[in-house]
Amino acid sequence: MSAYILGFVKSDGSDSVGEYIRRLPALHEKYGAELICYDNKPTALEEQDDSDVVVLLKFADRESARSYWNSPEYQAARKFRLGHRTVKAVLIESQGQLGG
């Protein structure tokens, strides 16, 4: 069953995450992540949210998503965004149709 990492990103306004961004494509390929959505102008529809960016990554399953997030490679890349971007990330899994 497909799993997704949904990330809400808040920037400090600096442009100091270039190395983090450069490392992501190789990580996505290695761990089978598909970038479904990257929006740098998200609009809150209910309750205010101060995220600058919302990202949605798709994985084959929950374990693949966890392997990506917990991998030494992602943790090393993550260090380049710490202090410049705060991320609220959730791991979700497709449960099929509502009411079915």
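**Exercise 1. Find out how enclosed strand 3 is, and which strands pair with it.**

Step 1. Locate the strand. Strand 3 covers residues 53–59. Helices (H or I, at least four residues) and strands (E, at least two) are DSSP runs, numbered from the N terminus.

Step 2. Check burial. Buried means under 20% relative accessible area, exposed over 50%, and partly exposed in between (1.4 Å probe, protein chains only). Six of the seven residues of strand 3 are buried, so this strand is largely enclosed by the rest of the structure.

Step 3. Know the source. This is a predicted model, where local features need pLDDT of at least 70, side-chain atom pairs count only at pLDDT 80 or more, and totals for chains, interfaces and linings use all residues. Residues are numbered from 1 along each chain as its sequence is written, and side-chain values use heavy atoms, with hydrogens and water left out.

Step 4. List the partners. Two strands pair if DSSP finds at least two bridges between them. Strand 1 (residues 3–11) pairs with strand 3 in the antiparallel sense, over seven bridges. Strand 2 (residues 34–39) also runs antiparallel to strand 3, joined by five bridges.

Step 5. Pick out residues. I5 has L57 of strand 3 as its bridge partner. For C37, the partner in strand 3 is L56.

**Exercise 2. Work out the strand order of the sheet.**

Step 1. Strand 1 and strand 4 run antiparallel and are joined by nine bridges.

Step 2. V9 stands opposite V53 in strand 3. V9 also stands opposite V87 in strand 4.

Step 3. Write the order. The four strands form an open sheet in the order 2-3-1-4, with antiparallel pairing.

Step 4. Find the edges. Strand 2 and strand 4 (85–93) each have a single partner strand, so one side of each is left without a neighbour in the sheet.

Step 5. From one strand to the next, the twist averages 15 degrees. Axes here are lines fitted to C-alpha atoms, for helices over the stretch in contact, and angles run from 0 to 180 degrees between N-to-C directions.

**Exercise 3. Describe how helix 1 and helix 2 cross.**

Step 1. The axes of helix 1 (residues 18–31) and helix 2 (residues 62–70) come within 10 Å and cross at roughly 145 degrees.

Step 2. Name the residues. Contact means heavy atoms within 4.5 Å. Helix 1 contributes L24, L27, H28 and Y31, while helix 2 contributes S64, S67 and Y68.

Step 3. Sort them. Ala, Val, Leu, Ile, Met, Phe, Trp, Tyr, Cys and Pro count as nonpolar, Asp, Glu, Lys and Arg as charged, and the others, Gly among them, as polar. The contact of helix 1 with helix 2 has four nonpolar residues, three polar and no charged.

Step 4. Helix 2 lies across strand 1, strand 3 and strand 4, and runs at about 160 degrees to strand 4.

**Exercise 4. Classify the pair of Y31 and Y68.**

Step 1. Recall the rule. Rings of Phe, Tyr and Trp (its six-membered ring) pair if their centres lie within 6.5 Å; planes under 30 degrees apart count as stacked, over 60 as edge-to-face and the rest as tilted.

Step 2. Apply the rule. The structure holds five aromatic pairs. In one of them, the ring centres of Y31 and Y68 are 6.1 Å apart and the planes stand at 75 degrees, so the pair is edge-to-face.

Step 3. Compare sequence positions. Y31 is in helix 1 and Y68 in helix 2, so the pair ties together parts that are 37 residues apart in sequence.

Step 4. Look around the pair. Y68 counts as buried, at 2% relative accessibility. One aromatic cluster is formed by Y20, Y31, F59, Y68, W69 and Y74.

**Exercise 5. Decide whether A26 is buried or exposed.**

Step 1. Find A26 in helix 1.

Step 2. Read its area. A26 has a relative accessible area of 55%, so A26 is exposed.
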